[in-house]
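Open the model in your viewer and show it as a cartoon.

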Amino acid sequence: MMVRSLRIFILSFLFFTFLGSCIYAESFRVHNTIIIDMSENSAKAGINDCLYILLPEDKTYLNAIELEIKIPKLFTEWPYSIMYYIYNNISPQPQEAIIDYRGEKIHSNIVPSRLTWVLQIPVKKGIKIKETPYTAVVPVAPNTENGGVFFRFQLAMKGVPQEFDTSYFSITAKPIFAEVGTLALSYTTPDGSKVQPHTIFIDGKEVAEEESGIVLSTGIHSVSVVSDYYRNEVRTVTIEQAKLTNLDITLRDITPEIRISAPENAVIYLDDVLLTKWDNALQVQEGDHVFKFIIGDYEIIKTVKAENGRSYTVTLGIDASITEDSVN
């Protein structure tokens, strides 16, 4: 009896495989429609039930869905007894109260005889997922414009025990994200005005700055902002998988800056103007500037040639040397 059933199945499988290779719309009925999302909560489905797997609205990072399916022991004792199908262009929109559908079958295969089975379904064309001994990969990406993936179980052979009708798969869905994230740049200008033209370099390569952000591989990246209107800025940022990273860069004026390091009792003139404070950086115009330092009876004069976008430090050092006199 088992041999005869297996022979019937093989013929049926070849027939179904041929039909599965031809994409055309077909009408069918299921026992139940089960709606699940990717919150990793388990759902139960029986033979001849369908799953409608809801996808997130933002699919920027989503590469595939992974279904972890726990199979009843009874099903594993009847190999080749159940098939699964994936459809495109399902109508009407799947709902729990609906059991009659029409759609285009794009993939079908046997549910394997194992207690736990992992199936990965790509949701973008061109995504390559490596199959392993523990996972199966669907070779085509279904159309997800209606917001989900339609997955159906169906009995593939006759003569199975009646207990099949009261046995259920336990199914968990979770997302498989690409190894990328998005960097969103914002700027604070020196005077609060509109940001002037600038160029972005990521890891030394020029990139276009999109309004939606810059998609980068996960990990640490160097971000450089180069402009004729501001000082060059360099930041280090860590991009996390499937996450948005915000980076605000405070842009600085290209006016030359000069810092002074000198004793507190020094008298300092800049371009013949007495400085009363020099704790913070001094902004000066581009060109030559003369510093005069006076300590007691000593006077030192230094000239600094300031260029836009540069910073300088002028240090007044007083040193004392000690030598040992020779003994006669």
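Accessible areas here come from the Shrake-Rupley method with a 1.4 Å probe. The model is predicted. By that method the protein chain has an accessible surface of about 19900 Å², and carbon and sulfur atoms account for 50% of it.

Keep the whole chain selected. The protein chain holds two helices and 25 strands. Its radius of gyration is 36 Å, well over the 20 Å that the globule rule gives for 328 residues, so the chain is more spread out than a compact globule. Turn the view along the principal axes: the C-alpha trace spans about 120 × 60 × 30 Å. Of the 328 residues, 41% count as buried, meaning under 20% relative accessible area.

Next, select the open sheet of five strands, ordered β3-β11-β5-β8-β9 with mixed pairing. Which strands stand at its edges? They are β3 (43–45) and β9 (135–137); each has a single partner strand, so one side of each is left without a neighbour in the sheet. From one strand to the next, the twist averages 30°.

Zoom in on β3 and its partner β11 (residues 169–177). The two run antiparallel and are joined by three bridges. Select K44 and look across to β11, where S170 stands opposite.

Now select L115, in the loop between β7 (100–110) and β8 (116–122). Beyond its neighbours within four places in sequence, L115 is in contact with I69, K70, I71, K73 and T76.

Note on methods
Residues numbered from 1 in each chain as written. Predicted model: local features only at pLDDT ≥ 70, side-chain atom pairs only at ≥ 80, totals over all residues. Heavy atoms only, no water. Pairing = 2+ DSSP bridges. Helix = DSSP H or I, 4+ residues; strand = E, 2+ residues; numbered from the N terminus. Axes fitted to C-alpha atoms, helices over the stretch in contact; angles between N-to-C directions. Contact = heavy atoms within 4.5 Å. Rg over C-alpha atoms; globule rule 2.2 N^0.38 Å. Buried < 20%, exposed > 50% of the residue type's maximum accessible area, 1.4 Å probe, protein only.
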